[in-house]
Amino acid sequence: DKGGWPSFMAKEVTEQPDAVANTIRGRIVDGVVDVPELTAFGDEALSAIRRVIIIGCGTAAYAGLVAKYAIENWAGVPVEVELSHEFRYRDPVISDDTLIVSISQSGETMDTLMAVKYAREAGARTLSICNTQGATIPRESDAAIYTHAGPEVAVASTKAFVAQITALYLFGLHLARVRGSLSADQIGEQLAELEAIPAKLSSVLGVGESIRTLAHWMSDTRSVLFLGRHVGYPVAMEGALKLKELAYIHAEGFAAGELKHGPIALIEPGQPVFVIVPSPRHSALLHAKVVSNIQEIRARGARVIAIAEEGDVAVLPFADEVIRIPLAAPLFEPILAVVPLQLFAMELSTAKGLDVDQPRNLAKSVTVE
Ligand code: M6R
């Protein structure tokens, strides 16, 4: 039931504040992070983990890439992120102090299932992040943390993405507590940031109207680029994936630092480029680098749409459009910055008269390798 919305996707995008709140519920008790599902491993085994490999496909893999920055920062454990199908077929080095974290909304993606089975046979411990109770991948794993985003019907993944990042962040903070890599106060600060996200998501959904205008205006665009740095990089790739699958437009996400290593050659007058701008309050350097990237592409005629936090005026002279997101700590910005990109893809698909929920050639759950 679309609940009065024009599409399941429109409904699911607006359910994101609840998806995050429901995924947090019961996992922070009296200000302490405690993910009960992780007791399956025991604190000793969790402390002994030397390496985390996150596997997934599509949007799930991008949630993993976002979480890599956070888990390494908080828990001090090296984290690699790999597409399930690449991992499975390359003889990866796996030992019993490796934890494989698979991410799958459906829990039925064959590429990810095969990778999990392979990792288990090779002696790794396996944790599944899944949105579907009783699905195959969590059943085949040593432990599962369910995201509580509710059923996701639209082929394009939205609320599952923010719920996956939430679950991975809870996992990262639980790991940091068990390993003693952060103090209780430091963990408390991050948990407070996480608990503030649902309200901020509700506020960022207010950009819908201006995104609709932008999408209408861009409905005959043939190519869109997305740039981001640090945690903004996977957000850029997710924005591009949404646009490809929903609006059938050529779209690519780049790490902003890569521009001068090739992609800047693509910039010609009128080329639309979304840029995810990191907060200047936390890293002036990172922010300055992205602003300088914006200047470089603008000088070559790009049409810049900046996603920037409230009050960041440094982008104003160089951006054609600025879409505002609420203030958040850097590691939490992706959960907010992705929303305008989801809405943009949805509105562009609608503007082109396409089927938002059921894009051509795609299935919600990819159960073949
Ligand atoms: O069910 P899964 O999370 O394992 O699905 C993984 C991908 O197939 C999925 O995220 C796909 O990329 C989406 N259609 C993206 O919107």
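Which residues is P272 in contact with, leaving aside its neighbours within four places in sequence? They are M218, T221, S223, V224, L225, R303 and I305, where contact means heavy atoms within 4.5 Å.

## Basis of the report

This is a predicted model, in which local features need pLDDT of at least 70 and side-chain atom pairs count only at pLDDT 80 or more, while totals for chains, interfaces and linings use all residues. Residues are numbered from 1 along each chain as its sequence is written, and side-chain values use heavy atoms, with hydrogens and water left out.

Helices (H or I, at least four residues) and strands (E, at least two) are DSSP runs, numbered from the N terminus. Two strands pair if DSSP finds at least two bridges between them. Axes are lines fitted to C-alpha atoms, for helices over the stretch in contact, and angles run from 0 to 180 degrees between N-to-C directions.

## The sheet from β4 to β7

Strands of a sheet pair through backbone hydrogen bonds, either parallel or antiparallel. Here, an open sheet of five strands has parallel pairing and the order β4-β3-β5-β6-β7. Its edge strands, β4 (79-83) and β7 (143-146), each pair on one side only. On average, neighbouring strands of this sheet are turned by 20° against each other, direction ignored.

Within the sheet, strand β5 (residues 98-104) and strand β6 (residues 125-130) run parallel and are joined by six bridges. V101 stands opposite L127 in β6. Helix α8 (residues 159-179) lies across β3 (51-56), β5, β6 and β7, and runs at about 160° to β5.

## Helices α8 and α9

Two packed helices are described by the angle between their axes and the distance between the axes. For α8 and helix α9 (residues 184-204), the axes come within 11 Å and cross at roughly 170°. That makes α8 roughly antiparallel to α9; angles under 35 degrees count as roughly parallel, over 145 as roughly antiparallel, 65 to 115 as roughly perpendicular and the rest as oblique.

On the α8 side, T166, L170, L173, A176 and R177 meet I187, Q190, L191 and L194 in α9. By class, this contact of α8 with α9 has six nonpolar, two polar and one charged residues. Ala, Val, Leu, Ile, Met, Phe, Trp, Tyr, Cys and Pro count as nonpolar, Asp, Glu, Lys and Arg as charged, and the others, Gly among them, as polar.

## Cysteines

How many disulfides does a search of the whole structure find? It finds zero, a disulfide being a pair of cysteine sulfur atoms within 2.5 Å. For C57, the closest cysteine sulfur is in C130, and the 13 Å between the sulfurs is too far for a bond. C130 counts as buried because its relative accessibility is 1%; buried means under 20% relative accessible area, exposed over 50% and partly exposed in between (1.4 Å probe, protein chains only).

## The sheet from β8 to β12

A further open sheet has five strands in the order β9-β8-β10-β11-β12, with parallel pairing. At its edges stand β9 (250-255) and β12 (321-325), each with a single partner strand, so one side of each is left without a neighbour in the sheet. Neighbouring strands here are turned by 20° against each other on average, direction ignored. Helix α11 (residues 232-247) lies across β8 (223-228), β9 and β10, running at about 175° to β9.

P272 lies in strand β10 (residues 272-276) and is buried, with a relative accessible area of 8%. Five bridges join β10 to strand β11 (residues 303-309), and the two run parallel. I276 stands opposite I307 in β11. From C-alpha to C-alpha, P272 and V339 are 18 Å apart in space, and they are 67 residues apart in sequence.
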